[in-house]
Every structure is written in C-alpha cells, then in structure tokens.
Amino acid sequence: MTGDMRPEDFGAVYERFQASVSRYDCGRFCSPLNGGQPVCCDTAHAIPVVDKPEFQYLKARTDLWHKYKPTDANSRKIVAELHKGCMAIECKGARFCERDNRTLACRAFPFYPYFTRAGELVGLATYWTFADRCWLMSNMQVVEKKFIREFIAAYEYVFERDPEELTAMKKHSVNHRRQSTRLNKPIFLIGRQGGFLKVMPKTAEIRPAAVTELAKYGPYKSPRAYAKAVKDYGGEMPKQSPFVD
Ligand code: SF4
Ligand code: SF4
C-alpha cells in the first residue's frame with residue numbers, strides 16, 4: 001500500500017482500461033425502456049461516484065463532467081453518505097460521451113471486482129440492483145476477453161495505491177454474498193481468466209458455471225417479455241434483437 005491515487009494515476013488507469021465490454025452497443029437494448037437513455041448514463045438510475053483526484057484529472061482534460069447536484073431526498077442521501085475522498089459527478093449525457101474521458105466507473109459498469117472471503121480477487125461480479133434494467137447483466141456471455149484482462153489490470157493498479165478502494169470492494173463482495181444467501185441464489189462471476197463461476201449461497205464455495213446456467217432478469221428473460229415491456233413502457237423496439245448468442 002503506497003497511499004492514495006494522484007490525479008495523474010488515473011491517466012495510467014485509463015490507459016490500461018480502454019477495451020469495449022462487448023461488440024454490441026448495449027445502450028440500444030436498455031434505452032427503449034428508459035426514455036431513450038442508456039440506464040447507466042442516466043443519473044436518475046446511476047450516479048457516477050469518483051475519487052476526488054479522478055475528477056481533478058478529468059477537469060483538466062474536458063468540460064464533459066460537473067459536480068452532481070442532488071434532485072430529491074434519495075439522491076441527497078446518496079451524496080451525503082459518500083466517503084469524504086469521493087464525490088458524485090454527472091456528464092453532459094450519452095449524446096456527448098467522450099470515450100477517452102469516461103470515468104473508471106463508466107468503463108467498468110455493470111461489473112465490480114469480486115473478492116472471496118480469503119481476500120482473493122477471483123473475477124467480475126455485477127452491481128446486482130441493476131439486474132432488472134441492465135441488458136448486459138443478462139448477457140454476460142458477450143463480454144470480451146480483452147475487457148476482462150484490462151478490467152483486472154486497471155483495478156489491480158488502483159488497489160496497489162488505494163487501500164480504501166480495496167476495502168470498499170471487499171465490503172461490496174461481502175454484501176453481495178449476504179444478498180445471495182438471503183435469496184438462496186448463487187452469484188455468477190466472470191472468472192479473471194475467462195469462463196464463468198458461481199459462488200454458492202451460504203457456503204460461498206466457488207464452482208465452475210456453464211453459460212446456460214447464467215441468470216436472465218426481467219425484460220431480458222425472453223423476446224416476448226422484452227417486447228411486452230417495451231410496449232407497456234411506450235418505447236421503440238431496437239433495430240437489432242437484444243437476444244444474441
Ligand atoms: S451496461 Fe447495461 S445499463 Fe449500461 S448501456 Fe449497457 S445494457 Fe444499458
Ligand atoms: S461519460 Fe459516457 S459512459 Fe460515462 S456516464 Fe457519460 S455518457 Fe455514459
């Protein structure tokens with residue numbers, strides 16, 4: 001542990017982590033159910049939280065980002081509970097996205113680095129509260145090997161320098177295991193070397209998982225469920241079907 005990240009360290013993180021998560025533009029699949037906006041680029045769903053030095057680094061490069069202003073009681077609570085080294089920020093919106101100036105959180109979504117009870121970083125788990133809205137979480141088979149490699153390299157770089165971030169991700173893994181035990185459902189992971197794993201509820205034992213076992217959620221369970229959800233919402237069906245191999 002060598003202390004916190006400096007602004008310029010985020011340049012090194014971004015350099016290590018440039019790969020696209022998949023060959024699909026997945027925002028086209030979730031946005032018909034969110035007023036045309038990709039869910040993870042809409043602060044009504046996901047408020048990007050960054051280390052203050054990351055914001056400093058971005059501010060010196062672009063005017064894409066500004067400090068997020070809470071809009072209701074819930075978002076005020078989220079901002080009030082942030083660690084003092086972090087802040088909530090907002091970009092100008094998906095139409096103005098600058099690929100090279102995306103935060104680490106943007107690049108990684110919907111994944112976080114999963115740690116076992118013994119403290120080993122074994123793979124990528126998902127931010128489970130988005131399962132009903134994020135297409136990618138029902139389609140982990142599309143994630144590219146290059147993305148997995150770069151994700152791990154970027155986070156390991158951060159963890160070597162920022163013990164608080166390491167602790168936060170370990171805590172997040174603990175909370176995920178609690179939720180899995182409560183629901184009596186496994187946590188599905190993408191292994192850091194590729195392939196899929198499942199963390200068993202209660203025991204936290206890790207076993208290999210077949211692609212056919214991966215969970216599908218909400219509107220992404222079947223073409224019929226998706227078409228109905230889009231119709232009920234009043235959205236427009238995407239040109240390409242979200243049901244891919
Ligand atoms: S990562 Fe999930 S929420 Fe974000 S654009 Fe893709 S499908 Fe939508
Ligand atoms: S910078 Fe791009 S990826 Fe990140 S929230 Fe904004 S639009 Fe989405």
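Mentor: Happy to. Helices (H or I, at least four residues) and strands (E, at least two) are DSSP runs, numbered from the N terminus, and two strands pair if DSSP finds at least two bridges between them. This is a predicted model, where local features need pLDDT of at least 70, side-chain atom pairs count only at pLDDT 80 or more, and totals for chains, interfaces and linings use all residues. Residues are numbered from 1 along each chain as its sequence is written, chains are lettered from A and ligands numbered from 1 in the order in which they are written, and side-chain values use heavy atoms, with hydrogens and water left out.

Trainee: Why is A204 called buried, and why is N184 called partly exposed?

Mentor: Buried means under 20% relative accessible area, exposed over 50%, and partly exposed in between (1.4 Å probe, protein chains only). A204 has 19%, so it counts as buried. N184 has 48%, so it counts as partly exposed.

Trainee: What makes C134 buried?

Mentor: Its relative accessibility is 9%, so C134 falls in the buried class. C134 lies in the loop between β5 (121-126) and α6. Leaving aside residues up to four places away in sequence, C134 touches F109, P110 and Y220, where contact means heavy atoms within 4.5 Å.

Trainee: Which residues surround ligand 1?

Mentor: The shell of ligand 1 has C26, G27, C30, P38, V39, C40, F109, C134, W135 and L136; a residue is near a molecule if one of its heavy atoms lies within 4 Å of it. By class, that shell is nine nonpolar, one polar and no charged. Ala, Val, Leu, Ile, Met, Phe, Trp, Tyr, Cys and Pro count as nonpolar, Asp, Glu, Lys and Arg as charged, and the others, Gly among them, as polar.

Trainee: Why are α1 and α3 called roughly perpendicular?

Mentor: Axes are lines fitted to C-alpha atoms, for helices over the stretch in contact, and angles run from 0 to 180 degrees between N-to-C directions. Under 35 degrees counts as roughly parallel, over 145 as roughly antiparallel, 65 to 115 as roughly perpendicular and the rest as oblique. The axes of α1 (residues 7-16) and α3 (residues 52-59) cross at roughly 80° and come within 7 Å, so these helices are roughly perpendicular.

Trainee: And why are α6 and α7 called oblique?

Mentor: α6 (residues 145-161) and α7 pack at about 120°, with axes 5 Å apart, so the pair is oblique. In α6, Y155, V158, F159 and R161 meet P163, E165, L166 and M169 in α7. That contact has six nonpolar, no polar and two charged residues.
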